[in-house]
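Colleague: Please show me the sequence and the model, and then take my questions in turn.

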Amino acid sequence: MLEIIKNVTDEQQIIKVIHAAFKRYEHDLMPSSALAETAATIEQELESNVLIWGAEIHERLVGVVKVTRYKDHFYFSRLAVLPEFQGKGIASALVNFIEKLAVQEQIPYVRCKVRKSEVNNIRLYKKLGFRISKEEVTTSSLGFVMETVTMEKEAK
């Protein structure tokens, strides 16, 4: 049974899920900066205003998402699901959980940023009711320049 956990704090478990989920980008021309994250960088984020929420099945962490609260929106990033659990609605459940909390906390929007080349991710977010609100060229923390889209949904 899937359970969403707010405030996951085990850096080793978090990084294990993120690295496994983003491993498919390892040999891309522009590898994901998620692969450069470490338990120490996760710990630093947890000490700042970043929350990490997780999805567990039978007490096993199978998915995570980073969430930052701003005055007018929740911003989520690093939505990651272990490869063997992808396609089972876990990412959708995590996003839906963020939306429900935004409504409860009277935060009007939920936003994320996606590489424009990640058409499957964009398709998923559109299916969940998100729209593209901005297109831009950004530079990743690894120095790669790429086209991205910001997607947002009104929390209701």
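**Core, helices and strands**

Colleague: Which residues have the most contacts inside the largest nonpolar core?

Modeller: The largest nonpolar core has 45 residues, such a core being a set of buried Ala, Val, Leu, Ile, Met, Phe, Trp, Tyr and Cys residues joined through side-chain atoms within 4.5 Å. This is a predicted model, in which local features need pLDDT of at least 70 and side-chain atom pairs count only at pLDDT 80 or more, while totals for chains, interfaces and linings use all residues. Residues are numbered from 1 along each chain as its sequence is written, and side-chain values use heavy atoms, with hydrogens and water left out. Inside the core, those with the most contacts are Phe-76 and Tyr-125.

Colleague: Which element gives the largest share of this core?

Modeller: Helices (H or I, at least four residues) and strands (E, at least two) are DSSP runs, numbered from the N terminus. The elements that give two or more residues to the core are H1, S2, S3, S4, helix H3 (90-104), strand S5 (109-115), helix H4 (119-127) and strand S7 (145-154). The largest share, seven residues, comes from H3.

Colleague: How far apart are the end C-alpha atoms of H1?

Modeller: The expected span of a helix is 1.5 Å times one less than its number of residues. Helix H1 (residues 11-22) has 12 residues and should therefore span 16 Å. The model agrees, since the end C-alpha atoms of H1 are apart by 16 Å.

Colleague: Is Leu-35 buried or partly exposed?

Modeller: Leu-35 lies in the loop between H1 and H2. Apart from neighbours within four places in sequence, it is in contact with His-19, Phe-22, Lys-23, Tyr-25 and Glu-26. With a relative accessible area of 28%, Leu-35 is partly exposed.

Colleague: What is the relative accessibility of Gln-106?

Modeller: Gln-106 is in the loop between H3 and S5. Just after H3, this residue takes a positive phi of about 55°. Gln-106 counts as exposed because its relative accessibility is 69%.

Colleague: Where is Arg-78, which has a positive phi although it is not a glycine?

Modeller: The phi of Arg-78 is about 50°. Arg-78 counts as partly exposed because its relative accessibility is 21%. Its place is in strand S4.

Colleague: Which residue in the turn between S6 and S7 has a positive phi?

Modeller: Two strands pair if DSSP finds at least two bridges between them. Strand S6 (residues 131-139) and S7 pair in the antiparallel sense over eight bridges, and Thr-139 stands opposite Val-145 in S7. The two strands form a hairpin with five residues between them. The turn residue with a positive phi, about 95°, is Gly-143.

Colleague: Which residue in S7 is the bridge partner of Arg-115?

Modeller: S5 and S7 run antiparallel and are joined by seven bridges. S7 is mostly covered, with seven of its 10 residues buried. The partner of Arg-115 in S7 is Thr-148.

Colleague: Why does Thr-148 count as buried?

Modeller: Thr-148 is found in strand S7. Residues that it touches include Lys-113, Val-114, Lys-134 and Glu-136, where residues up to four places away in sequence are not counted. Thr-148 counts as buried because its relative accessibility is 4%.

Conventions. Buried < 20%, exposed > 50% of the residue type's maximum accessible area, 1.4 Å probe, protein only. Contact = heavy atoms within 4.5 Å.
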